[in-house]
Amino acid sequence: MTMTVHEAVARRRTADRTVLLEASDVTMRFGGLTAVNNVSLKVHYGEIVGLIGPNGAGKTTFFNCLTGLYKPTSGRVALEGEKLPPKPRQVVAAGVARTFQNIRLFHNMTALENVMVGMYCRTKANAVDAILRLPRHRAEERAATKAARKWLAFVGLTPAADVLSRNLPYGDQRRLEIARALATSPKLLLLDEPTAGMNPNETRQAEELIFRIRDLGLAILVIEHDMRFIFNLCDTVSCLVQGEVLVCGTGAEVQSDPRVIEAYLGSPQLEDEDDA
Amino acid sequence: MTPDLFFEQLVNGLSLGSLYALIAVGYTVVYGIVQLINFAHGEIFMMGAFGAYTVWLLAGSPTELSAAAALGLLLPAMILGGILVAVGTALLTERFAYRPLRGAPRLAPLISAIGISVFLQEFVRLFYGRIPGFPDSKRAIPFPHIEGISGNSIQLGDVSIKMTSVFTVAALLICTAFLWYYINRTKTGRAMIATSQDPDTARLMGIDVDRVIMSAFAVGAALAAVAGVAHGMYIGNIDFKMGFMAGLKAFTAAVLGGIGNINGAVVGGVVLGLVEAFAGQVGDTAWKDVWAFVILILVLVFRPQGLLGAKVVDRA
Amino acid sequence: MTKTAKAAIIAAVAASVALAGCGTRDESNSAGGDTVEKKVVTIGTISPLTGDLSAVGSGIRNGVDLAVKQANASDAIPGWEIKIEPMDDEAKPDTGKNAATKLAADDTVIAVVGTMNSSVAQPVAPVLNAADISMVSPANTSPALTKGADLNAPVRQNKSFFRLCASDDKQGPFAADYLLEQGIKKVATIHDKKVYGQGLVEEFTKAFTAGGGEIVAAETINPEDKDYNTVISKVKSASPEAIYYGGEYPQAGPLSQQAKAAGLKIPLMGGDGLYDAAYIELAGKDAAEGDLTTSVGAPVDSLESAKAFAEAYAAGGYAEGIGPYGAYSYDAANVIISALKTTLASATDAKSARAATVDAIQSFTTTTAATGDISFDEFGDNTNQVMTVYKVEGGEWKAAYTGTAM
Amino acid sequence: MIARLSAYERVGRFAAIAGAALVLLSVMLPWAYGKRALDDMTYFFGPSPLQLCGAGVAAVCLAALIAGLVALPGRGPTMLCWNDMARVGGIGLAFYVGAVLVAVAVATGGLVNVEAGGWLAFGGAVLAALGGLTLPDSPQATLSHFLTPSWGQIAAIVVAIASALFAAAAAVNQGDVEDFVVFGVWLAAAIFLVRASGVFAWLSLAAAGNRQVLVMAAFVAAFAFPFTQNGSDANMSVAAQVLTFAGTAIGLNIVVGLVGLLDLGYIAFLGAGAFTAAVLSKSAFATLSVDLPFPVVVVISGTVASLLGLLIGTPTLRVSGDYLAIVTLAFGEIFRITMNNLDGTDGPNITHGSNGVPGIPNLNLFGFDFGQSHEILGVTLTRHANYYMLLLVVIALIIVVFTNLNHSRIGRGWVAIREDEMAAEAMGVNTFALKLLAFAGGAFLAGVAGSVKAYTDTSVSPDQYVFLESAFLLAAVVLGGMGTVMGVLIGATILKLLPEKLRFFDDYRLLLFGALMVLMMRFRPEGIIADERRQLEFHDEDEELAEDVETELVVHQAHHNLEGGKRS
């Protein structure tokens, strides 16, 4: 756990502009509907990339393509140059973790347990170890508990460790989801609307948290509607409209692009399909 | 296999399949709307058969009716009585066992359904025969002889087709036609379709979802009752546990055709009946039921949406 | 919470007031000592009293009950009162074994009548044997129960196990001979894959083919199924002259009905599991006409004892019918009671007489039982080889032929 | 209601004191006319055991009433909830004496046979109950605040377990239905009384702090149980069946309780184990008779069952949960039909078809013949007692497997799957492998139980493994509490013991069973002993409960850490 973080930090210093994730020509069709059309995107080490677009633009669908929840109709997604495996859990193991737009915590588990589930793919103890309480199980349990507490501390939830996640306030649930994702030791973190439903104060805290995560050496890809948030935060921003990349550039470039403004203000009402 | 034998087994398969299909519709309609496997539906079928039998008893156990009177008065009355009992039972179970569990984990209504299934069987076994003048319900009860159908057959060359088979298949055809009309041409039917596609939106659009669910249970139960009467005449007897195996097979049929899809249930039922008949003819009859279940498992693995493919969306 | 508690208390009070109104004084411990306290000996029964075979199982209990009542009324064993302890086995081996263990633990129990299913008898018999309790079976037909796994090298399995009904290796061949004698050479067999039915058909097949007949179709049904048309069509295409069915009447009746409806108008023959009025009811009078069954002993109406039993049973006011095994059960109880007459005469308690009773039953013989002669061979099987073929005539079982099995 | 009556609290309290005293007095008088009723309550100054039971409750009730008098709020000891004790005790007493009177009436043919003593007791009990209802609620018992020395906690646990053993032995030994029911009512009254006192809360804290002691004590008690039976094979036979059933149900609990998959054909795995052991045994009917040591047979049986689990699980665990229920049901049927068909005519002869494999010889381990009675410490241990001991070892292993898996990364993965399968997968949990592990692991445990069952029963036949048995297993899990060991043990005991003891409602057993399943799902879906998380899932909207559960979890967690600290 700590190893990966240090490694990543070191890598960020030496090879700053190396590509971590590369999606090329990703297309996703549902029957006759093309939700994502030829989207290409690059995320570099230590970079925060924003993904914006009106409702129904295909942002979440694109996320699902990246994390293995959907199998893209065509196109290629590669992490550190290697093609991402097809199943969500393999994607997690390869180093891509995510949060959900509509929070999907394990509600009847405590915050600590939630984070420990995130640790699942980084632990190895099998059924025999667990049944016989062999050293491997014990060592892993101890290490996992410690690491989980560390991540809770990182997102500022130490006092809530033994609180059932369903009892946490909304903002804390969002942060817990991030802690859970971080516990999988990712290289890239995908955040799906991390500030949805938050008040300005909470949003500021979230912003600060994301910077701290970046400082750990992780790259972050974030979907957001809050423009101020995204332009404060992101190194580069892509704007997705009707499944296609409209603009890609720095915050300032995207912000001033007339097509983006038109897409947001002038676009007809499209169905919200972000809750796949 | 001689052509005659083939034809005879075809008729056997179609008759049995029609019974399955009539019951399967109940599983499919309810599942389509509330995503609940109404495990007790087999017992609704049984209640329907007993309801019809009760009408015959209350009519004074007539045995010497003319064919016209039997077909024109007795049989419709029996079917109506069966439907009344079956629909009543189904609505009661829905109201008191399933409705309070809406929104509970899916395990809860399923376990509840098993409980209802056992309860209804035992209820009939223990108490039906205690009513003065009613036969002992702990064992099979011979179903009344309906003049004009029972015991008659049509001769086609060397092959004789029992009128009870004809009745069973005809019952399926008529019921399917009615059902089609009900679902596609009535307001309640359209509300059912809407609810099955998106219950929350349906509710917002002013559809009384409770009522729609009740209609689904009622429609399924009515068809099961018709199946109960057909079963009584085709098989010759009814008993308290007739619903268990029939229910299981009918569920298999519903899955086979694509659960949630009404046409699928009909097709699945007929296919399953034919499979059983020909598996029994070609192979060892001892393994007949195994084939039916193996097919169920194969379908689930390779084509979980069933033969006619209702889309099973994981709403998670 | 407290409201419910109060309501419950009020209800309890009300109920007790209501109950107090009726009832009779218990006289059993009246101060006077004018009657000598009788010693108690118990005969247990193990049969299905619940579940779908309860109709038949209750007949077994009632047969024993009748015999015990008669014995007590005539003071058959001076100084002893016979009690009956009916146990339910739900037709399940587990429950049957529990019942047996329970009976074995009761020191007053000396013998048991049961079980109905051979699969239940298999675990029950060793338990009773270990406790020296005699078990006289009215209904178990599996040859393995007395002779073990290999019929060619028979070994007695349990010293205390006796049976009155004919085992499959007697009934099957008797039926085969009868059919051959009637000139029937082509038979289709069907059975329900249960111990009784399958055993019967196997023994029938051996004898029938040995006698020059041909089995043109051998099929099975699933007793859970209701629709036998597939099997019937299949059998029909082999054009047999008769069907031999191994199984019990709940399936046999509908099978006969469906066969006749499908145009297969040939007689259906079976073992004593069919010998019940309910068979005719289920098949329908017309369909059942001409169907056959075998049963041990001379026909009921030819034996005075059998007639007397039937009358006594009818007068006994039992809710359930006599069933196929009621008469055997009655006889089984009487065999036990006869043995007890000698073994209990000198005994101080029932438990000490258990072993002697086993021996007494082994050497017991009678010619006046409800089912005719009874005596036991070295395996515990009834040596009475008289069997009767019954035929449905005019909606009733009528004796068609009586003979001695090989 | 109570609040209004509280003005008359003193009157009520003294009435209750008088009532309880009346009950105490009445046991010196005969309660029944006729020796046949219950355990002979016909003597003057010679109370029968059941009368003494009543007197015991009355005495505690009286003590609580008097203690409550001197311990009014604000002054005096408030260690226990005196008023609650008195109230619950009085109501319990009324129910108990009422049950005794009804039982007397049933046994002797009418309430005329109740003697003055009985009526006096009933009057006293009702007075005590009514008086008790006027008392105000007690303040929280302060017992939990006392730091008891650890030897005190351990002693308390031992006493509690010993009483449980004594109660179980006494209940099993009640021969007649009336005795059993009356004793059951008394037991319920006693348990409620103790619960009202607040001792349970303290005891559960003590138990959480001394889990090893608790577990050890429970197993010692379980091993001691046959010694209370003094050679009665019948009770031990039932006890052995309860254990087999419970062991299988715990295996099912992994699948249903932990992972949330509904398996309706689970009995097939028990059957697979039993058939494997039977076919390999030295029975004359065994088809593959080989001379293997028993532990090897056990492992083979478990393996065969788990292979079947893999066979059925691999294709079907990918489909949604509802389908799984039906597929497993179908699989159960396939198993039964197949066992019937492997008889030499419709398939190879392996199982002798419906005859099954009878005559399985008794086990002989290290020279210990399981078929014989043995004299140990002056008590005869019968054949079934021997198998009971063996089954205890097996069930201990099953419980260890269950709890250790539950408290591991695998257990967390299972809970995560149950909570939100898609999220679990997206967090890197290998959901399919974990579901398969649960399925095959549960099957393995059932197979192990089955192999011992084959030897205990001496015969194995297909008709023992029907759907209804699967339903009963499921009922044991649901009734007891999904996801818990204790609950399933209780559920299995209730489902197996009650029918054996209450033969008179035999015919209504299934009817009640069906109704019970429906009512449980409606009113207490989490079962008698609730797993904290499960309880929440079934009561999604209950926020107060959520807080409570959390507190409990914190206590457990604290204890876990403590334990971990000690170990490391």
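Q: What makes chain C as compact as a globular protein of 406 residues?
A: Start with what is in there: chain C has 14 helices and 14 strands. Its radius of gyration is 24 Å, close to the 22 Å from the globule rule for that length, so the chain counts as compact as a globular protein of 406 residues. If you'd like the dimensions, the C-alpha trace of chain C spans about 75 × 60 × 40 Å along its principal axes.

Q: How many of chain C's residues are buried, as a percentage, and what does "buried" ask for?
A: A residue needs 20 or more other C-beta atoms within 10 Å of its own. In chain C, 58% of the 406 residues pass that test. As for the contacts in chain C between residues at least 6 apart in sequence, 73% join residues at least 24 apart.

Q: And what makes chain B as compact as a globular protein of its length?
A: Chain B comes with eleven helices and four strands. The rule gives 20 Å for 316 residues and the radius of gyration is 19 Å, which is close, so chain B is as compact as a globular protein of that length. Its C-alpha atoms fill a box of roughly 55 × 50 × 35 Å along the principal axes, and 59% of its residues count as buried.

Q: How do you know which face of α12(C) is the buried one?
A: Look at the residues: C:Ser305, C:Ala306, C:Phe309 and C:Tyr313 are buried. Seen down the axis of α12(C), the buried residues fall within an arc of 100°, so they line one face of the helix. Residues three or four places apart in an α-helix point the same way, because there are 3.6 residues a turn. The face turned away from the buried side carries exposed residues, C:Glu304, C:Ala308, C:Glu311, C:Ala314 and C:Ala315.

Q: What do the buried residues of α12(C) pack against?
A: They pack against α2 (54-73), α13 (326-343) and β11 (365-369) of chain C.

Q: How does the length of α12(C) compare with the expected span?
A: α12(C) covers residues 304-315, twelve in number, and reaches 17 Å from first C-alpha to last, close to the 16 Å expected at 1.5 Å a residue. After the helix comes C:Gly317, with a positive phi near 70°.

Q: Why are β2(B) and β3(B) said to pair?
A: Pairing takes at least two bridges, and β2 (153-156) and β3 (159-162) of chain B have four in the antiparallel sense, so they qualify. B:Gln155, for instance, stands opposite B:Ser160 in β3(B). The two strands form a hairpin with two residues between them, and B:Gly157 in the turn has a positive phi of about 65°.

Q: Which element gives the largest share of chain D's side of the contact with chain B?
A: The contact takes 39 residues from chain D and 37 from chain B. On the chain D side, the elements giving two or more residues include α12 (294-316), α18 (467-480) and α20 (509-523). The largest share, 13 residues, comes from α13(D).

Q: Where in chain A does pLDDT stay under 50?
A: Chain A has a mean pLDDT of 84, and 90% of its residues reach 70 or more. The value stays under 50 over residues 9-15, with eight contacts beyond four places in sequence, and over residues 268-276, with 16 such contacts. Where pLDDT is low, predicted coordinates should not be read in detail.

Definitions and conventions
Residues numbered from 1 in each chain as written. Chains lettered and ligands numbered in written order. Predicted model: local features only at pLDDT ≥ 70, side-chain atom pairs only at ≥ 80, totals over all residues. Rg over C-alpha atoms; globule rule 2.2 N^0.38 Å. Buried ≥ 20, exposed ≤ 12 C-beta atoms within 10 Å, placed from the backbone. Contact = placed C-beta atoms within 7 Å. pLDDT = per-residue confidence, 0-100. Expected span 1.5 Å × (residues − 1). Arc of directions from axis to C-beta.
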